[in-house]
Amino acid sequence: KTRPRRPPPPNPCAMAGPPGALDKLKSVDWRGLVRTATNKAKMYVLNLSPLEVLVEEATNTETWGPHGSMMAEIAEACFDPEGYRQVLGVLARRLQEGGERWRCAYKALLLLEHLVKHGPPKAATDVAASRSVLERLQKFEYKDANGRDHGANVRHRAAEIAVLVASPQRVAEEREKAAANKAKYTGVSG
């Protein structure tokens, strides 16, 4: 009695699909797809608006700071009262972060400074009115396992913003500079 022969194992090259399919997979922006999926999940699970997700992304724990175009988009959205409320809500939450999540607070301060200079004029008065938050952040402490003081970044930025918003004249000068730079870089089409 002879046993029936097993079929040969499938050829991995034949399973790849049509020619060039693997090349197409190599050209996919996987990071972008994951970011998009993550943002959609945040919107659904945390009940966040697209603007709030953008602010969350701008103030994340990644090692690089928020991109200028992202901060500009957020500042522009703040001219709408509802957008302003949403942005400041996320920033208030991020400014409470501490410990290993020090970057969230630091990036929130960067974005806050950008809003004072590029956002609606009320941003400066609202930040000045929240002086206690800036005072607390000027005492921020966090040292990593190697003893590096990352709190210094937060303390310095909070002090800079406190000095800025304490002087309405300086805020006006910074806003004028920001407007001049925006006009210079966007040209006629902006």
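Guide: In this predicted model, a residue is called buried when its relative accessible area is under 20%, exposed when that area is over 50%, and partly exposed in between.

Visitor: Why is C104 called buried?

Guide: The relative accessible area of C104 is 0%, and because the limit for burial is under 20%, C104 counts as buried.

Visitor: What makes C78 buried or exposed?

Guide: C78 has a relative accessibility of 3%, and since buried means under 20%, the conclusion for C78 is that this residue is buried.

Visitor: How many disulfides does a search of the whole structure find?

Guide: The search finds 0 disulfides; a disulfide would require a pair of cysteine sulfur atoms within 2.5 Å.

Visitor: Where is H150, and why is this residue called buried?

Guide: H150 lies in the loop between α9 (131-137) and α10 (151-166), and because its relative accessibility is 7%, against a limit of under 20%, H150 counts as buried.

Visitor: What joins the side chains of H150 and D144?

Guide: They are joined by a polar contact of 3.0 Å, to be set against a cut-off that asks for N or O atoms within 3.5 Å.

Visitor: Why is E160 called partly exposed?

Guide: E160, which is found in helix α10, has a relative accessibility of 34%; because exposed means over 50% and buried means under 20%, E160 falls in between and counts as partly exposed. From C-alpha to C-alpha, E160 and L109 are 9.8 Å apart in space, although 51 residues separate them in sequence.

Visitor: Which residues touch the most other members of the largest nonpolar core?

Guide: Of the 34 residues in that core, they are I74, V87, L91, L109 and L115. Two or more residues come from each of α4 (50-58), α5 (68-77), α6 (81-94), α7 (102-118), α8 (122-129), α9 and α10, and α7 gives the largest share, 7 residues.

Visitor: Which residues does V87 touch?

Guide: Not counting residues up to four places away in sequence, V87 touches L51, V55, I74, C78 and L115.

Definitions and conventions: Residues are numbered from 1 along each chain as its sequence is written. This is a predicted model: local features need pLDDT of at least 70, side-chain atom pairs count only at pLDDT 80 or more; totals for chains, interfaces and linings use all residues. Side-chain values use heavy atoms; hydrogens and water are left out. Helices (H or I, at least four residues) and strands (E, at least two) are DSSP runs, numbered from the N terminus. Buried means under 20% relative accessible area, exposed over 50%, partly exposed in between (1.4 Å probe, protein chains only). A polar contact is a pair of N or O atoms within 3.5 Å; within protein, one must be able to donate a hydrogen and the other to accept it, and residues adjacent in sequence count only if both atoms are side-chain atoms. A nonpolar core is a set of buried Ala, Val, Leu, Ile, Met, Phe, Trp, Tyr and Cys residues joined through side-chain atoms within 4.5 Å. Contact means heavy atoms within 4.5 Å.
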